[in-house]
Amino acid sequence: MQNERKSSGINIGSASIIMVFAVLCLTVFSVLSFVTANSEYKLAIKSADSVKAYYIADTKATEKVANIEKIVNDKNGSFAEISKELTDCGYEVENRASGLVVKFKEKVSDTQDLSVKVTYDGRNFCVNSWKLESSASWTPSDSAQLWGG
């Protein structure tokens, strides 16, 4: 008897197929991980920039409130003088029966403003409102394509 080996092409064993599949899976998962990490990084940068812009506007608004309080204290309760001085400084002032209402906005971003409302009743100086508001205009879209049946 003669020992002959017959080879019929390339023999790829099951271990090699599993290895190729494992490398392929690891490559796909590494690419997905990189894409996710990159998008999370961009989101973190946007979030940090947004918070930084808010606190810059918050600081400016606090300085304006301190300026309003200084003007109120310097004028010794004369609503007409206080109102004129605040209007000259660029604040929106309303004279009401209960006292003065001073409003102003500080720009946070292209689409947001920090809106502040302060009241003075002759004795007490109070911050009534300190809120973030949208300054972007919204227009509804009329281009919805609805199925007619």
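Predicted model: local features only at pLDDT ≥ 70, side-chain atom pairs only at ≥ 80, totals over all residues.

Residues are numbered from 1 along each chain as its sequence is written, and side-chain values use heavy atoms, with hydrogens and water left out.

**Exercise 1. Find the order of the strands in the sheet, and say which strands stand at the edges.**

Step 1. Strands are DSSP runs of E with at least two residues, and helices are runs of H or I with at least four, both numbered from the N terminus. Two strands pair if DSSP finds at least two bridges between them.

Step 2. The open sheet has 4 strands in the order β1-β2-β3-β4, with antiparallel pairing. β1 (92-96) and β4 (125-134) each have a single partner strand, so they are the edges and one side of each lacks a neighbour in the sheet.

Step 3. Now look at the pairs. β2 (residues 99-107) and β3 (residues 112-120) share 8 bridges, and K107 stands opposite D113 in β3. β3 and β4 pair over 9 bridges, with S115 opposite K131 in β4.

**Exercise 2. Which partners does D58 have, and is D58 buried or exposed?**

Step 1. Start with the location: D58 belongs to helix α1 (residues 14-74).

Step 2. D58 is buried yet has no salt bridge, and K60, the nearest side chain of opposite charge, is 12 Å away. Buried means under 20% relative accessible area, exposed over 50%, and partly exposed in between (1.4 Å probe, protein chains only). A salt bridge needs a side-chain nitrogen of Lys or Arg within 4 Å of a carboxyl oxygen of Asp or Glu. For charge, Lys and Arg count as positive and Asp and Glu as negative; His and the chain ends are not counted.

Step 3. Leaving out residues up to four places away in sequence, D58 touches L114 and W130 (contact means heavy atoms within 4.5 Å).

**Exercise 3. Describe the salt bridge of D88 and K84, and then that of E94 and R96.**

Step 1. The side chains of D88 and K84 meet at 3.0 Å, N to O. Both lie in helix α2, 4 residues apart, about one turn of the helix.

Step 2. D88 counts as exposed because its relative accessibility is 55%.

Step 3. E94 and R96 meet at 2.7 Å, N to O. Shared partners join E94, R96 and K103 into one network of salt bridges.
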